[in-house]
Amino acid sequence: MTTVPEKRSGVSRRNFLSGSLGLTFAFTVGGLLSDRPGEVLAAAGAEAREIGAWVTIAPDGRISIAAPAAEMGQGVLTSLPMILAEEMDADWSRVEAVFAPADPDVFGNPGLGGGMITVGSRAVSGYWTKVRLQGAAVRRFLMQTAAEQWGMPVDEVSTEPGYVIHPASGKSLSYGEIAAIADQPDSLPEVTEADLKKPADFRIIGRETPRLDVPSKVDGSARFGIDAKVPGMVYATVRHAPVVGAEPASVNSDEVEARDGVIRVVHMPNAVAVVGETVETVFAARETLQIDWQGGDTAGYNSEEALETFAKRASGEEGGLPYFKQGDTHSAKTAAAKTIKSDYMSDYVYHAQMEPMNITASVDETSKKAEIWVGTQSPSGIVGAATAALETEPQNIRLHQHYLGGGFGRRAAVETVPEVLFLAKEMKRPVKVIWTREEDVNAALMRPQTAHHLEAAIDESGLIIGWHHRIVAEAVTGYSSPDRLEQAKGLAPLTLEGATHQYSIPNQLVEYLRHVNGTRLQAWRAIGAGYNKFAIECFIDEIAHEQGIDPVELRLKLLKDEPRARAVVEATAEIADWGRKPEAGRAFGFAYGQVVGSYVAGVAEISVDEDTGVVRAHNFWNVVDPGIAVNPATIIAQLESNVVFGLSQALKERIVLVDGAVQQSNYHDYEILRMSETPEIHTKVLQTDYAPSGIGEVSLPMVAAAVSNAFFELKGRRLRHMPFTPDRVKEVLS
Amino acid sequence: MAVRFQLNGDQVSVEAAEATPLLWVLREHMGLTGTKYGCGVAMCGACTVHVDGSATRSCQTFLGDIEGAAVTTIEGLSPDGTHPLQKAWVAEQVPQCGYCQSGQIMQAAELLERNPSPSRDEIVAHMDGNLCRCGTYTRIVRAIERAATEA
């Protein structure tokens, strides 16, 4: 393996792979795998110049651009470099992407407090300006270098894709030629937003662009965390306490260690690991572990019973923490001519990402330096957790980022870091930890179950004058990041996401009642919006029916001050041909929301088999206004992904806890949507000139409400409890 | 004990317990990581390879079962990503996270070998055992249809 030249510019970097680690990466054209710009090109023998921290240019014109966000299928490996390439005026056909090193000072996301973390559909929106400025700075440097070469003033030169040109004389230099003659800069020229292109001049942004990682994902060469291979490594798998906080009081370690290929059984906090020579050895050995678990915070917790308690609290007299308050809802209710009240519920759900949790690490003999191989949404989190676990400095942690076999929020959690470092220190060898699927479900970090009570106050003229929404749920941050919950003064930021709406209602109160159970919680795709929009959009539909108004018409009325919202509602109604008579046995349902900053609406067309209770979605129409659409191709793909994911959680997904332990264990009892259950999906992107807003989670929250609303059209009854399992459907119909 | 079989056209010999799942033989013993671990109980299809031309869940196929057999993994489907399905997968931009896609393609390859012009219903019936959490199902169907016409 070619050694890579040490970084020369002012930005601090870590040392690279030493020869002793051997070839741990496979290079693919158009893919990445190196965690340093230039490494792909260096391995190919080119003398790539680093032009700032994000870009290298080779004399033959090949460009590598660092992508700072995690690639988990949402296409940011392509869309973020597209933004930089645009402002750089690069020839996109010469661009390759590489994962940015874990260096938040350089590559952090301004939209997420400067951390290197990919969550909340905030990659493109968060990096938009920063990455554009970086591209403009590279362009400026190239122009200055060429102008200097020509002895011209820099304001006489300009660029065409891949070239600096001097229009007056017809001279031009390719970026590759400039890179070959340039001195590697210590810093790039200052640029401001005035140096950025006007959207009308975009050549790359806005074009449907094939993803750079797709070729490697059809030939088996794309490397995920689970594919890491480090010489001398041993394998480990873990059995975590089924009940959170329980400790392994006794383990049949001797018996398990006597098995062929098992090296050691290791006690860890709230867990037991088996370490051995092969995966199959440790996986089989895990099944023979006999562990006596003692204690645990959630012992005795039964989620189904608990949800009934949540529902009682939601509709009871207990006031909660006000999350959103406008006007005087109490007076509005008193003055109302009519009040509509409704309850909704949702179960725990699990990420079910296809690649089970895994992480590989080696620790040096001082236990103060570590290398970690993983696919993570949070390089910042991984480095932070490793730094804390080893009581060392961040620059002593070397992270090798990989593709993620599904993130959805799961891979923003970093609880595997202290585990693998503990094992690596114990074993004095690199350790590759792979969780079995059963363990992945057992130790699931879930979206909380929720109960909602909503009340609307209607005046004599039929206007909605009051809106009261009470949400009872655990706080995700109470488990995942207690500091953040404290900062939010108990107003659980993830749990409550999506709990407000844009409807024009003068008096509103959204309250939160926290339930504390100690269950393992985490952001799950669309976070709170997944169930909050379900409640809101079903309730709006109920109001529409109560008032005898078409559900789309009511929304348009209530969105009178929101032109972007109305445009999306109208466009969705149009592509779905809303208002037409459905075929026999079918019905349509509508939902709208502002989710992750974008405007989105959906229509579901469903039928129901009364004998089996199975709801079938035949078609789903989905329109989004995402502001500027950087890569319309990936936006459409994400809408499709959102619809499938949303339908899956609407119809099928639930985790049940009995005596504190997750009851499900694999894909046979935690079912996700299959191909045969997938509707025809019709999408439209309504691009506008606003800065890009979120896409990765945008339309998932529309699906359950659209389905439930369609069900009401069809059957005159409401599905109020997600998921709409066949049993629940049959009960509602009976 | 050494088990001899054919892997992507080459004769190989693997020393490991007969009860070793083929999945781990391929991934960890042979270093072919294109075949993925998703569930271990043949419920998701991520581990799909061909054994003597049949799509097989390698997580529930054991080294002892494949003595003398011809095994094909995603890496051996074509030398350079040019199998009609792989080209169609790129043209339709099928993969999102990509983790399930090796299994999807191998499952689809068996279909087209046996049924070069499948109907949409036949495609869905054949592919329904392969899960995709990212929800690329509609594109998988389109890509298979495309490969069938372009093959």
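Select residues 55-57 and 63-67 of chain A: strands β2(A) and β3(A) run antiparallel and are joined by three bridges. Strands here are DSSP runs of E of at least two residues, helices are runs of H or I of at least four, and both are numbered from the N terminus; two strands pair if DSSP finds at least two bridges between them. This is a predicted model, in which local features need pLDDT of at least 70 and side-chain atom pairs pLDDT 80 or more, while totals for chains, interfaces and linings use all residues. Residues are numbered from 1 along each chain as its sequence is written, chains are lettered from A and ligands numbered from 1 in written order, and side-chain values use heavy atoms, without hydrogens and water.

Within this pair, A:T56 stands opposite A:S64. Next pick the turn of the hairpin, where five residues lie between β2(A) and β3(A) and A:G61 has a positive phi of about 95°.

Now show the side chains of β3(A). Five of its five residues are buried, meaning under 20% relative accessible area with a 1.4 Å probe and protein chains only. A:I63, A:I65 and A:A67 point one way, A:S64 and A:A66 the other.

Finally, colour by pLDDT, the predictor's confidence in each residue from 0 to 100. The chain A mean is 93.

Methods
Buried < 20%, exposed > 50% of the residue type's maximum accessible area, 1.4 Å probe, protein only.
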